[in-house]
Amino acid sequence: MESIFRVIDMFPVVVVHGGAGHIPKERSENSTSGVRSATRAGYTILQRGGSSMDAVVEAVTQLENNPSFNAGCGSVLNIKGEVEMDAIVMDGKTLGSGAVSAVRNIANPIQLARLVMDKTGHACLTAEGANQFARSMGVPEVPLESLITDYSRMRWKKNLAPDANPVECQMGKMGTVGAVAVDSEGNVACATSTGGMLNKMEGRVGDTPCIGCGGYADNQVGAVSTTGHGEAIMKVVLARLILFHMEQGQSVEAASDLALAYMKSRVGGLGGVVTVDPQGQWAARFSSLQMAWAAAQKDTLHYGLYTGEHFTQSIDDPL
């Protein structure tokens, strides 16, 4: 009996990422504090006995509302200078999933993705169809301008220049945001949301709303939320690849590292992931220069930004 109690003691846990990439020092502080705050909000739900799905949606909603991240308010702009956002949720208990792609005028695409899962028989709605569904569900539309920050507009203009460096184009902004969690009943869930790639073609959809790419959750294995170069993530089906390695007996950390290394060697893609297993083991791993991440478990908040960084504090300490 003792070993059973020890396992149960591991969860609940929530792990959050604020996107893989490279951001200037003056912006990295906002990213780190943002993921810590979102993690605390998700963990509060788990402490009260709430579901892993409620926890990940709350955490990601907070990041969508934070202009420091490339999701919701603060999303990067497409080639036309407009916002088009993607999001996904997945429930490990039922394998239920909901996603939206290329949505505009919606403050919290992650909440709309959850409505797709809960209120329709579909897995993904796109563009105007997703917006029509949002209206039918009473989700308020917001002016497009309210989602666009001065910083996003400045970077859009800068990267339209004929001499713009395509590598630098993707720098300066943390990417996709996401969360995974295990609740007190051992159910896992994931949520991922993004504004996509800077100066992308209109109508471009990346990995985020695709099951197995932007996220995956299965109570029998674990849950993953990914971030990074969407086209590369899609080619290797990164979230599901990590869970495949876990099915082969790898730990959350080893499975995450193996899949990220494969993506880098096979298609030259960089990225990052947050991963949990149903027992509450967790990992935040990335091949990019930075990934703001945070995790909460047993009343301790863990967080970091660079490879090898791992700070801890009490969940109740001021952020």
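These notebook entries record what I looked up in the structure above.

**Basis.** I worked from a predicted model, in which local features need pLDDT of at least 70 and side-chain atom pairs count only at pLDDT 80 or more, while totals for chains, interfaces and linings use all residues. Residues are numbered from 1 along each chain as its sequence is written, and side-chain values use heavy atoms, with hydrogens and water left out.

Entry 1: I took helices (H or I, at least four residues) and strands (E, at least two) as DSSP runs, numbered from the N terminus. Two packed helices are described by the angle between their axes and the distance between the axes. The axes are lines fitted to C-alpha atoms, for helices over the stretch in contact, and the angles run from 0 to 180 degrees between N-to-C directions. For α3 (residues 52-64) and α4 (residues 109-119) I noted an angle of about 150° and axes 8 Å apart. The two helices are therefore roughly antiparallel; angles under 35 degrees count as roughly parallel, over 145 as roughly antiparallel, 65 to 115 as roughly perpendicular and the rest as oblique. On the α3 side, the contact (heavy atoms within 4.5 Å) is made by Met53, Asp54, Val57, Val60, Thr61 and Glu64. On the α4 side, Pro109, Ile110, Gln111, Arg114 and Met117 take part. I sorted these residues into six nonpolar, two polar and three charged. Here Ala, Val, Leu, Ile, Met, Phe, Trp, Tyr, Cys and Pro count as nonpolar, Asp, Glu, Lys and Arg as charged, and the others, Gly among them, as polar.

**Entry 2: helix α4 against helix α5.** I next examined α4 with α5 (residues 127-136), where the angle is about 75° and the axes are 11 Å apart. This pair is therefore roughly perpendicular. Leu112, Leu115, Val116 and Lys119 of α4 meet Ala130, Phe133 and Ala134 of α5. That contact divides into six nonpolar residues, no polar and one charged. I also located Val139 in the loop between α5 and α6. Leaving aside neighbours within four places in sequence, Val139 is in contact with Ile106, Leu112, Leu115 and Ala134.

Entry 3: I applied the cut-offs for relative accessible area: buried under 20%, exposed over 50%, partly exposed in between (1.4 Å probe, protein chains only). In α6 (residues 150-160), I found Tyr151, Ser152, Arg155, Trp156 and Asn159 buried. These residues lie on the same side of α6 because they cover an arc of only 135° around the axis, taken from the directions from the helix axis to the C-beta atoms. The face turned away from the buried side carries the exposed residues Asp150, Lys157 and Lys158.

**Entry 4: Ala191.** I placed Ala191 in strand β6 (residues 188-194) and read its relative accessible area as 0%, which is buried. Its contacts beyond four places in sequence include Val57 and Val60 as well as Ile110.

**Entry 5: Ser288.** I found Ser288 in the loop between β10 (282-286) and β11 (290-297), buried at 8% relative accessible area. For polar contacts I required a pair of N or O atoms within 3.5 Å; within protein, one must be able to donate a hydrogen and the other to accept it, and residues adjacent in sequence count only if both atoms are side-chain atoms. The Ser288 side chain reaches the backbone nitrogen of Gly21 at 3.5 Å, and one of its polar atoms lies 2.9 Å from the backbone oxygen of Gln290.
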